[in-house]
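The sequence and the model are shown first.

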Amino acid sequence: MIFTKKILALFAAALLLTGCGSLPLLSGGDQAETVVENEPEESKQAVADEQSQASINPYLENRKSIPAAAQKRFAQALAAMDNGQWQQAEEPLLQITIDYPKLSGAYLNLGICYRHMGKPKLAEDYFMESIRANANNLDAYNWLALTKREGGDFKAAENLYQQALAVWPDHPESHYNLAVLSELYMGNLEQARHHFSQHQKLLTEPDKRIAAWIKDLQRRINALADNGATP
């Protein structure tokens, strides 16, 4: 993969619930962005090494080669996005979608730009285009789900995370994001516990904070069961 130092440092960090402060990543194939929703406090969860996963990410396994001209435009867009210059990133990304319509990362990063520009509907459209261009682009599902969640459509967000997991059942971020959505927005404690547990299993090292969340969720589930309620 090709990263700037600043982008590489942020790649391992979880994002806040707002999704702000994230930067695009340029892979050796298509363009990708890793997004992890989190509770308001910054997470210490690190991105697991791909080689340690139970299976291979199909997006990375089938990555596309980027022509030199597209790489140059991606670099321009990356530099602009790195500095929060979303409108300046828009033009080179749009040109990539015209010249290389099968590169899903251009659509993905346009969606990210439009979210930061306060255009959520346009962002949704481009996240969908990213999925159409490459149905294995897990980040596109996650960004679209985040946008749906911010718009209050929790069921649509849930379905998108499930679609991502149908593409790759071992995607840690989708398990994590679905767990957060299930607990904080849908009140489904059992589903939250399950996906936090799945996420934990996929990490190279156990995350103590997630372990504490799982323990607390189980305690709450047990308390509800003792009172005859459904978690």
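How are helix 3 and helix 4 oriented relative to each other? They are roughly antiparallel, a term used for angles over 145 degrees, with under 35 counting as roughly parallel, 65 to 115 as roughly perpendicular and the rest as oblique.

## Basis of the values

The model is predicted, so local features need pLDDT of at least 70 and side-chain atom pairs count only at pLDDT 80 or more, while totals for chains, interfaces and linings use all residues. Residues are numbered from 1 along each chain as its sequence is written, and side-chain values use heavy atoms, with hydrogens and water left out.

## Overall fold

The protein chain has eleven helices and two strands, following the pattern α-β-β-α-α-α-α-α-α-α-α-α-α along the sequence; helices (H or I, at least four residues) and strands (E, at least two) are DSSP runs, numbered from the N terminus. Of the 231 residues, 49% are buried, meaning under 20% relative accessible area with a 1.4 Å probe and protein chains only, where over 50% is exposed and the range in between partly exposed.

Among contacts (heavy atoms within 4.5 Å) between residues at least 6 apart in sequence, 60% join residues at least 24 apart.

## Helix 3 with helix 4

Helix 3 (residues 68-82) packs on helix 4 (residues 86-99) at about 160 degrees, with the axes 8 Å apart; axes are lines fitted to C-alpha atoms, for helices over the stretch in contact, and angles run from 0 to 180 degrees between N-to-C directions. On the helix 3 side the contact includes R73, F74 and M81, which meet residues of helix 4 including W86, L93 and D99. The contact residues divide into ten nonpolar, three polar and two charged, where Ala, Val, Leu, Ile, Met, Phe, Trp, Tyr, Cys and Pro count as nonpolar, Asp, Glu, Lys and Arg as charged, and the others, Gly among them, as polar.

## Helix 7 with helix 8

Helix 7 (residues 138-150) and helix 8 (residues 154-167) pack at about 170 degrees with their axes 8 Å apart, and are therefore roughly antiparallel. Among the residues making this contact are Y141, L144 and R149 of helix 7 and F154, L160 and Y161 of helix 8. The contact comprises twelve nonpolar, two polar and two charged residues.

## Helix 10

In helix 10, the buried residues are L189, Q191, A192, H195, F196, S197, H199 and Q200, and these pack against helix 8, helix 9 (172-185) and helix 11 (208-226).
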